[in-house]
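The following paragraphs lead the reader through an interface between two chains. Please keep the sequence and the structure in view while reading.

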Amino acid sequence: MQDIDRRDFLRKSLVAGAVLTTCPTWLDAALPDSDLVVARNGAPAEMVRQAVAALGGMSQFVKKGDSVLLKPNIGWDRLPEQAANTNPEAVAEVVKLCLEAGAGKVRVLDRTCNEPRRCYMRSGIEAAAKAAGAEVRHIVESRFQDVAIPDGELIKSWPVYRDAIESDVIINIPIAKDHNISRVTLGFKNMMGVLGGDRGALHDKFMTKIVDINLAFKPSLTIIDGYRTLMRNGPTGGNLADVAQKKTIIISADRVAADAFAMQLFDINPAEVEYLRIAERRGLGHLDLKRVKVKEINFGA
Amino acid sequence: MITLRRISQILFFALFVLLFLQARYPYETGLPSDLFLRASPLIALTTMLASRAFITTTILALVILALTIPLGRFFCGWICPLGTVIDASDHFIQRKRRPARQRESLRLRSWKFALLILLLVAALFSLQLTWFLDPIALLTRTFTTVLYPMFTYALTGLFNFAFKLQIAEDQVYALYDAAQRAALLPFQQPKFLETLPMVVIFIVILGLGMVTRRFWCRNLCPLGALLGLFSKYRLTRRFVSPACTQCSICQRDCKMNAIEDDYSINNTVECIECAECVSVCKPQAISYRWGVNPGANEIDLSRRRLLQAAAAGIAAVALVKTAAASRNRTGLAMRPPGSLNEDQFLDRCIRCQACSKICASTGACLQPAFGEAGLEGVWTPIAVPRLGYCEYSCNLCGQVCPTGAIQPLALEEKNKIKMGLAFFDKSRCIPWYRQDDCLVCEEHCPLSDKAIKFDIREARAPDGSMRTVKFPYVVEDLCIGCGICENKCPVVGAPGIFVTAAQQKRITL
C-alpha cells in the first residue's frame, strides 16, 4: 500500500472539502425543475379538479389498483368554517379523483390532537370522504411501526402508521394555517399526523426534526388547502374573524416548493423559513421558486 | 314468579349497563345516563337534606319511595343493579346453602339502620356521606373506575392482537369500529386514580357473600334500610297455605333471612319479595297476595342503637369538618365547569363518578380526588390536567350529574367559565430554562385569542451563544384553566406549565 505524503493529503482534503461544501448546490442542480399549479377564486372541489388536471391528471400519480393514503388535517375539534382542519369538499374531490384514476382503495386518516371522534365528525371530513367513496379510518394504537431514518440528523427512527408505510401512494392535503412553532403549518407539519409516539418531544429543535421526520415518507403529491385560511390564533383557531377567504389551492409533487409557494398566503419570504432551508439542503425539493414552473388558474377572472 | 323476578333483574341490570355505556361523547341517545342514580331515595333524601333544597331531578326516587309503602322492597329484589350483581356473585361463590349460618347473623341486621341514621344525621348537619354506601352510587363508581376500564383493556388487547396478526384487517377493523360505535370500546383507554381502594371495597362487598347470601343487603345497605322502614306496613303479604309441611326449606333459602321460625310469618321490613320461597316450596304452599302481614314487622333498631348512631353521625360531622387539608394540594382541586360553590358542591356530590365516566370519553381530565379536596372531598371529581384536559367544545359532565352539583351549561356559557389558571414553571419550561423554542402549550390553547402569548427576545443559551427565543407567558384574563397546555407539555415529569384552581368561577344557587 502506498503512503500518502503531506502534500497529497492536503490536496485531497481540499478537494473533498470543496465537494462537501458545494454538494447541496449540486444536489439542487441535479433535481429537475418542479411543476406547481395554483388555482384561485373557485369552489374547493373545482379548484382541486382543475389544478390536478393542469398538473397532468391524477393518473400521473395514481395507477390502477394502487392503495392511496390521503392525509388531510383532521387534528382539531373544529368546524370547517373555523379553518382548523382541511376543507372537507377538497378532501372529497381528491378521493373522487383517485378513484377515477383507478385506485384500488383510498384511505383517509389522521392522528388527532383533540378527541378523535369529535375531530372526524365536526371537521365534516368523515362524512364527506365517506360519501366520495373513501375508507375513513380511526387510528388504532397497535398499528404503528418503527421506521428507521438513517439520514435523520436528530431523529433516527420513529413509529409511523402502517398505512403510511404500506400504501402505494401518499397524498398530503394540509390546510395552510398560522402556527407559531413552525411560523405556518403546511405539508411538512401535516405529515406529523401519521406519527405515533410522543409527538410533543418533536417540538424542541423542531425545524430540524420536522425535516428528519419527513425523510420517512415521500408523498407523491402535496395539495395545500388555502380556501379558508386561519391567519391568527392557529393552529386551533375558533374565531371566524381570524379566518381569511384566500380561496386558493396549491398543488405540486415537490413538497418543498408547495410549502414555499404557500408562504405567499401569509406574506412570508420562504427563504426565511428555517425548515424549508434545511429541507432544500437535504435535497427534498426546490425552495428557490425560480426552479419551479408555476401554472395559474383563476376562476374569478 | 321467580322467573319473572329474574327477568326483571336482568332487564334492569341490562338497562343500567346500557345507560352507563352510552354516557360518552357524543351522548346522542337522549337517554339520561343518571336514571338509576336519580331513582335512589337515599341519594334524594340525604342530598336534599344536606343542601336544604328541593332537587327536581330526584322526583323518580320519591315515586319509588311512595310505591314502596304499599309494595314493599320491590326495588331491592327486582330492580337494584347491585342486588343483581350480588345475587350473581352469591350464586357463584356459594353453591351449597349453609343452614346453620342462617339464623346466626340476625344481630347484624341492625347495622344498616344504624348506618342510615348516621347518614341522615350527618346530612342534617350538611355533611354528605351517602356517597360511600349508597348502592347505586357505589356501583356506578365501581363500574366507571374499575370494571369498565378492565373490560375495555381486555377487549382492546384482543383487538391489538388481531391487528398484529395482519390477517383480514378490514374485517377486524369493521368489528373494532362497530364495538366503538356501540360504545363497548372507548377511543382511549380510561384510567383512574383511587382504583385500588374502590376495588377493595367492591371485593369485600361481594366476598361477604361467603358469610351469608346478600350479606350487604341484609346488614349494611342504608338504602335497603330506608326502603325497609317504608315497607313495614306494605299491602302485599306472603301467604302460606295449610299445605305447608314445616320443612323449613323456605327459611333456609331466604336470601334476606326474613322468614321467622313460624314459617308462615315473615318480616315485612326485611322481605325483598324475591319469591325464592315460592319456588323452593315443594307442596307449593306459598304465594304472594294483597293484604296486611299478620305480624313480626319489627325494625331491628333499639333506642340505644339509634342514639349511638345519631351520636356517631354528629361526631362524624365534627371530625370531617375540622380535618385540615394541605393548601398546596387544595389549590389543585379544580372542579368541573359549572360546579356549585364548594360548600354546596360537597352537599350534593355523591361521588358516583358519572362525570368522570363521560369525561373519559372526551378530554379525560376528571378524576376522583384524594387529598386535593380535603377529607370532606374524598373521591369528589377534580380535573387532573397531567392525565387529561377539559375539552373546549364539551359540556357533558354537567348533563350527567344526578344531583346538580355540576350544573348543566350551554356550550357558550361553559366556554367562558374559568376552571382555573395556568402558570409557567420557569425552571422547567424549555424556552425559559434552556432557551430553546417549544410553544406546544400555545399550539394547543383552544382559545381564539390565545391565552398563551410569547415575546421574541435575544437570549444567552447555556453554551454561551446568543439566539432568538420565543418566551411564552399566560394572559390571566383570557385563560380558562382547561389544562390542555399542562396535558400536552412535552417536559418529562412535572410540567413546565401547570394549572391551579386560582380564580376558578363557581355557581352559587
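Across the interface of chain B and chain A, 28 residue pairs are in polar contact, both residues being at pLDDT 80 or more; a polar contact is a pair of N or O atoms within 3.5 Å, where within protein one must be able to donate a hydrogen and the other to accept it, and residues adjacent in sequence count only if both atoms are side-chain atoms. On the side of chain B that touches chain A, at least two residues each come from α10 (135–165), α11 (169–181), α23 (430–434), α24 (440–444) and α25 (484–488); helices are DSSP runs (H or I, at least four residues), numbered from the N terminus. The largest share, five residues, is supplied by α11(B).

This is a predicted model, in which local features need pLDDT of at least 70, side-chain atom pairs count only at pLDDT 80 or more, and totals for chains, interfaces and linings use all residues. Side-chain values use heavy atoms, without hydrogens and water, residues are numbered from 1 along each chain as its sequence is written, and chains are lettered from A and ligands numbered from 1 in the order in which they are written.

Seven salt bridges cross the interface of chain B and chain A, each a side-chain nitrogen of Lys or Arg within 4 Å of a carboxyl oxygen of Asp or Glu. Glu169(B) forms a salt bridge with Arg162(A), with 2.6 Å between the closest N and O atoms.

The contact (heavy atoms within 4.5 Å) involves 42 residues from chain B and 42 residues from chain A.
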